[in-house]
Amino acid sequence: MCGISGLIGQSKDPELSFLLSSKLFEKIETRGRDAAGFWASNKNNNIIYHKEPIESTKLVKKSFWEKIRKFNPNVMLCHARKASAGVGIPDVNKNNHPFVNHDKKTALVSLSLERHRPSWFTSEVISMALA
């Protein structure tokens, strides 16, 4: 299990969007406590990206997350990871989400549905990519 949250669209109230995004990122921690990360882009196509093997409630208290407040993203993707057995340990940060391409302009997260997959859903994994 993992948790995914984010936002799409230019905010009319960036401070409120920052506070809501922070709370949502903290709440998805219940779906994964092994690692947390985010990727965001703003209207000038600047990118901010960070991930590390800590809980999202700890990540949102770090100075790096505070940069989101002034960054004012129009697209953001957050991921709280619960590591699957045998699929990359969280302490090796390259195993954590989001995954990005060489110039960080494209981000990808995956969500395993191993226990909570509806019977009609045929895929074991949902992936989201933003570019």
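Trainee: Is lysine 23 buried or exposed in this structure?
Mentor: Good place to start, and keep in mind that this is a predicted model. The relative accessible area of lysine 23 is 52%. The cut-off for exposed is over 50%, so lysine 23 counts as exposed.

Trainee: Which residue forms a salt bridge with lysine 23?
Mentor: Look along helix 1, which covers residues 14-27. The closest N and O atoms of the pair are 3.6 Å apart, and the partner is glutamate 26.

Trainee: How far apart are N and O in the salt bridge of arginine 69 and glutamate 66?
Mentor: Both residues lie in helix 3 (residues 63-71), separated by about one helical turn because they are three residues apart. Arginine 69 is partly exposed at 27%, and glutamate 66 is partly exposed at 31%. Their side chains meet with an N to O distance of 2.4 Å.

Trainee: Which residue is linked with Glu66 and Arg69 in a network of salt bridges?
Mentor: Side chains of opposite charge can pair when their charged atoms come close. Here Glu66 and Arg69 belong to a network of salt bridges.

Key: Residues numbered from 1 in each chain as written. Predicted model: local features only at pLDDT ≥ 70, side-chain atom pairs only at ≥ 80, totals over all residues. Heavy atoms only, no water. Salt bridge = Lys/Arg side-chain N within 4 Å of Asp/Glu carboxyl O. Helix = DSSP H or I, 4+ residues; strand = E, 2+ residues; numbered from the N terminus. Buried < 20%, exposed > 50% of the residue type's maximum accessible area, 1.4 Å probe, protein only.
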